[in-house]
Every structure is written in C-alpha cells, then in structure tokens.
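Let's take a friendly walk through this model together. Keep the structure open beside you and follow along as each part comes up.

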Amino acid sequence: MRIDILSLFPEMFGGVFGASITKRAIEKNILDIAITNPRDFAFNKHNQVDDTPYGGGAGMVMKPEPIFRAIKSVKEKTQIENSRVVIMCPTGKTFNQQKAIELAKYDQLIFICGHYEGYDNRIVQNLADEIISIGDYVLTGGELACMVVVDAVSRMLPGVLGSGESAPTDSFYNGILEYPQYTKPREYHGLKVPEVLLSGDHAKIAKWRRQEALRTTFNNRPDLLKTADLSKEDKIFLAS
Ligand code: ADE
C-alpha cells in the first residue's frame with residue numbers, strides 16, 4: 001500500500017513510522033509512505049495556505065488552491081487507481097477497527113491533515129472520499145489523528161503481523177474486547193496466574209478466555225455488546 005500524507009508540518013511525523021510494526025511493513029515493501037507539504041503548492045507571495053473566513057468569525061481557514069494542487073500532483077505522480085482520499089477532521093465519522101480493515105483494502109490512501117479552524121468546504125466536498133475523526137475531542141491538527149489511522153491500517157495489511165500477533169484475537173476484531181493475558185513467572189510476589197491457564201485443557205482455557213473477554217466488555221464497553229455476535233452461552237454468562 002502507498003500512503004500519501006498532506007501536511008503543513010511534515011516534521012511532526014518525525015520517526016513515528018520508523019519503529020515497530022510500521023517500520024517492518026516499510027522494510028518488507030508492504031507499505032510506502034510519502035509526505036507532501038501543501039505549502040509547496042501555495043504560489044502566492046508568502047506561500048499563504050490559510051485565510052480569514054468569509055462571513056467573519058475567529059481563526060483562519062485552509063485555502064483550497066494549495067490542497068487541490070497538492071492532491072493533483074500526488075495523483076499524477078503515483079497514478080494508482082484503487083485510491084481513497086481521507087480528510088482528518090473532528091466533524092468526520094468516528095474511526096474504528098472496522099474502518100481500519102476496510103481502508104486496508106485500498107492500494108493507496110491519501111490523507112489530508114488540517115490545521116487552523118478548518119478547511120474551505122470546497123476541499124471537503126470535492127476532494128474527500130471520506131472524513132474521519134478519531135474521537136470526540138479537538139486536536140491542534142490532523143497529524144496525530146492521521147498517525148493513529150495509518151498505524152491501525154498498517155497492521156491490517158496482509159503480511160505485516162507475524163504469526164504470534166494475529167489480528168483475530170485483537171480487541172474489537174470480533175466485536176468485543178480482548179481477554180486478559182498472562183506470561184511467566186507463574187507467581188510474582190504472591191500474584192498468581194489463573195490456574196485454568198496452566199491446566200493444559202484447551203477447551204476450558206477457551207471458555208475462560210471468552211468469559212473474561214465478555215466480562216471486560218461488560219465492565220468497560222457495554223455498548224459493544226449490543227452489536228456483538230453473541231452465542232446462547234455468552235448470553236447466559238452475561239445474565240449470571
Ligand atoms: N483534527 C483535529 N481534531 C481531530 C480529530 N479528533 N480527529 C481527526 N482529525 C482531527
């Protein structure tokens with residue numbers, strides 16, 4: 001997958017993609033990330049990328065020309081057909097695991113990271129295939145939000161996760177949160193690993209994990225249980 005990011009602050013991306021899973025994806029040539037600065041496409045006196053809003057009001061709005069030109073340049077340079085333009089904005093639809101899985105199916109994602117008070121709406125209406133928010137809070141810009149989405153999408157690309165890190169056990173992957181994990185030692189300062197995990201009884205372990213996943217979801221994210229795929233046994237456990 002090719003990822004293009006339009007950002008007025010490319011330095012914000014620093015080394016974030018140079019570590020861990022995104023690093024591995026880049027090294028394996030599964031992922032290729034390039035950053036474009038719309039300021040390089042602002043052909044006015046001071047390379048101005050923002051201006052005051054028509055109709056008045058506080059703050060500055062991102063001008064359309066530099067973004068339209070930057071997108072055109074990226075598309076002409078990369079010529080990838082199965083491509084999606086994503087605007088990062090708190091007014092977008094909230095990002096989730098399902099969206100990460102969906103976005104991982106494209107050959108190219110082009111992210112537009114906003115700053116200031118927002119985008120001229122012609123950018124939103126004419127360039128974006130979708131508008132994504134990462135949550136109900138306002139960041140100073142779309143960069144951090146974009147990094148979150150790129151990270152979540154990258155680990156869904158085929159070949160990125162090793163066999164020991166398989167996505168099907170992730171939280172949210174099957175609609176509920178992940179079960180709790182334990183590793184060695186068996187006992188640490190009197191804190192013991194649950195006996196069932198040491199039993200070697202795989203059916204019992206699977207049942208315990210499912211119930212603990214349901215318990216965590218019930219306690220922390222009961223909203224997920226409304227749409228999760230629950231068996232009769234799950235429902236009996238939740239009712240008990
Ligand atoms: N830009 C500023 N806040 C944001 C958010 N919550 N999600 C996506 N982009 C943003």
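Helix α5, residues 143–154, lies across strands β1, β5, β6 and β7. Its direction makes about 160° with that of β6. Please bear in mind that you are looking at a predicted model.

Which strands make up the sheet, and in what order do they come? There are five of them, arranged as β2-β1-β6-β5-β7 in an open sheet with parallel pairing. If you look at how neighbouring strands sit against each other, they are turned by 30° on average, direction ignored. Helix α2, residues 64–78, also packs on this sheet, where it touches β1, β2, β5 and β6. The angle between the direction of α2 and that of β1 is about 160°.

Now turn to the ligand. Around it you will see M88, C89, P90, G114, S133, I134, G135, Y137, V138, L139, G142 and A145. Which strand gives the largest share of this shell? That is β5 (residues 83–94), which supplies three residues. By class, the shell holds eight nonpolar and four polar residues, and no charged ones.

The crossing in which α6 passes α7 is right-handed. On the α6 side, the contact is made by Q211, L214 and F218, and on the α7 side by D234, F237 and L238. Sorted by class, the residues in this contact of α6 with α7 are four nonpolar, one polar and one charged.

Finally, two backbone details deserve a stop. Most peptide bonds are trans, and most residues other than glycine have a negative phi. Against that background, is the peptide bond from K184 to P185 cis or trans? It is cis, with omega near 5°. You can find P185 in the loop between α5 and β8 (187–188). The other detail is S20, a residue other than glycine with a positive phi, near 55°. S20 is part of helix α1, which covers residues 20–27.

Note on methods
Residues are numbered from 1 along each chain as its sequence is written. This is a predicted model: local features need pLDDT of at least 70, side-chain atom pairs count only at pLDDT 80 or more; totals for chains, interfaces and linings use all residues. A residue is near a molecule or strand if its C-beta atom, placed from the backbone, lies within 6 Å of it. Helices (H or I, at least four residues) and strands (E, at least two) are DSSP runs, numbered from the N terminus. Ala, Val, Leu, Ile, Met, Phe, Trp, Tyr, Cys and Pro count as nonpolar, Asp, Glu, Lys and Arg as charged, and the others, Gly among them, as polar. Two strands pair if DSSP finds at least two bridges between them. Axes are lines fitted to C-alpha atoms, for helices over the stretch in contact, and angles run from 0 to 180 degrees between N-to-C directions. Two residues are in contact if their C-beta atoms, placed from the backbone, lie within 7 Å. A crossing is left-handed if the near helix is turned anticlockwise from the far one by less than a right angle, and right-handed if clockwise.
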